[in-house]
Amino acid sequence: MKYTAVTFTSSNIEEWQKDLLIAELANLGFDTFEDQDQGFVAYIPASNLDIQALETLLLSEAEGFEISYEVNELENKNWNQVWESNFSPILVDDKCYVRATFHEDKPEYPYQIIIDPKMSFGTGHHQTTSMMLSYILENEFQGKEVLDMGCGTGILAILASKRGASQILAVDFDPICVESVIENKELNHVSNIEAKLGSKEAIEGKKFNTILANINRNILMDQFDVYYTDLSESGELYISGFYDGEDLEILSKKAESLGFQFIEKKVLDTWCAAKFIKAN
């Protein structure tokens, strides 16, 4: 597959602004990011690059800082192989070991998840994924019907299954993610995960005991109504993909207006995850 590299440069961008921009670029189809001095490089399949959409995003995001970008076409090569070479295993809460097929087996940990990297989001390295994994480790999943919304590699769905969930629906709008879930559930010998292509329309009319949604603030705001309708009484909602502070306040206000009760939050490097209960 042919890729395009877009190099973003800014002399005064803050770290939180860079993280937010990267999250928005991921929504435009950029799937790999590399830090550099005074900026970063974002990679996207050449056929998916939309310069007009990129310009529109930068106009809306670049408040308080100046940013420039340079587009370069890259030679054809196996970018999955390049990305895999930079993928290292992680350990979450001393309980969940996440590794690739080419890493050493660690059976001494209670939970081991094998992820075959395909540049889809969700290897556990991002703060939001790590916090969501912690929530799954801390809470009861035995016998529950679970939704993993914006599933990426399916890492959250796989851990939910290992924690005793009876059935999991994993939904993502990216076909690469859906394929990744199917392959990763086989790697982990998990049979009770259904991978489905789509968005909120894919879950309307279904019922879940628990919903996991690691997406971003705007999509969460748009989908809260469906989450509430599809959650069973006293169902649990775990969300991430946003920042502590204003983002959490906006999301909590929306959730509580529907009938959710805020329970608690986790914060890691200004990123936030939160737990809600369907109260009525």
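Select Thr-7, and you will find it standing opposite Val-41 in strand 3. Before going further, note that this is a predicted model, where local features need pLDDT of at least 70, side-chain atom pairs count only at pLDDT 80 or more, and totals for chains, interfaces and linings use all residues. Residues are numbered from 1 along each chain as its sequence is written, and side-chain values use heavy atoms, with hydrogens and water left out.

Now colour residues 3-9 (strand 1) and 39-45 (strand 3): they pair in the antiparallel sense over seven bridges. Pairing here requires at least two bridges found by DSSP; helices (H or I, at least four residues) and strands (E, at least two) are DSSP runs, numbered from the N terminus.

Widen the view to the open antiparallel sheet of four strands, ordered 2-3-1-4. Strand 2 (32-36) and strand 4 (68-73) are at the edges with a single partner strand each, so one side of each has no neighbour in the sheet.

Which order do the seven strands take in the mixed open sheet? They run 10-9-8-11-12-14-13. At its edges, strand 10 (193-197) and strand 13 (260-268) each pair on one side only.

Finish by selecting Met-149, opposite Val-171 in strand 9.
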